[in-house]
Amino acid sequence: ALASALQALKRGLEKAPRLAEISDHRSRDREAVVTNVRAQIEGLSQNETVMSAVRNKELIVVGAFYEISSGIVDFFLEITEVPDNVHGDELA
């Protein structure tokens, strides 16, 4: 299970080729985390069970980045509504 999770993470990071261009370690780490969060939100948007709960207003999907050193949370990529005629696989 861990190996498949790491492979999924690696595939998500491959969507951000600019990571190699970022020389500052903190900036690169943050970009990697943000890229991963975006990939996870995209994956959740493909899941019909998750999107059904969003459609029924039982769930809100939110991507966020928590900066441990400052305690600040940056929220982004929120999915709060899905039109009734749209299924999860049509959102990405």
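Figure 1. Arginine 55 has a relative accessible area of 17%, so it counts as buried (under 20% relative accessible area; exposed is over 50%, and partly exposed lies in between, with a 1.4 Å probe and protein chains only). This is a predicted model, in which local features need pLDDT of at least 70 and side-chain atom pairs count only at pLDDT 80 or more, while totals for chains, interfaces and linings use all residues. Residues are numbered from 1 along each chain as its sequence is written, and side-chain values use heavy atoms, with hydrogens and water left out. The side chain of arginine 55 meets that of glutamate 48 in a salt bridge (3.3 Å, N to O). A salt bridge is a side-chain nitrogen of Lys or Arg within 4 Å of a carboxyl oxygen of Asp or Glu. Glutamate 48 is partly exposed, at 35% relative accessibility. By the salt-bridge rule the count comes to three.

**Figure 2. The protein has three helices and two strands.** Along the sequence, the pattern is α-α-α-β-β. Helices (H or I, at least four residues) and strands (E, at least two) are DSSP runs, numbered from the N terminus. Of the 92 residues in the protein, 27% are buried.

**Figure 3. Strand 1 and strand 2 form a hairpin.** The two strands run antiparallel, and six bridges join them. Two strands pair if DSSP finds at least two bridges between them. Four residues lie between the strands of the hairpin. Glycine 71 sits in the turn, with a positive phi of about 80°. Phenylalanine 65 has aspartate 74 in strand 2 as its bridge partner.

**Figure 4. Arginine 30 meets both aspartate 74 and phenylalanine 65.** The side chains of arginine 30 and aspartate 74 form a salt bridge (2.4 Å, N to O). This pair links distant parts of the chain: arginine 30 is in helix 2, aspartate 74 is in strand 2, and they are 44 residues apart. Arginine 30 is partly exposed at 32% relative accessibility. Aspartate 74 is also partly exposed, with a relative accessible area of 31%. The charged end of arginine 30 sits over the ring of phenylalanine 65, 4.1 Å from its centre. A charge sits over a ring if NZ of Lys or CZ of Arg is within 6 Å of the ring centre and within 35 degrees of the ring normal.

**Figure 5. Glutamate 67 and arginine 26 meet in a salt bridge.** The N to O distance is 3.3 Å. Glutamate 67 lies in strand 1 and arginine 26 in helix 2 (residues 25-45), so the pair ties together parts that are 41 residues apart in sequence. Arginine 26 is exposed, at 58% relative accessibility.

Figure 6. Valine 62 lies in strand 1 and is partly exposed, with a relative accessible area of 36%.
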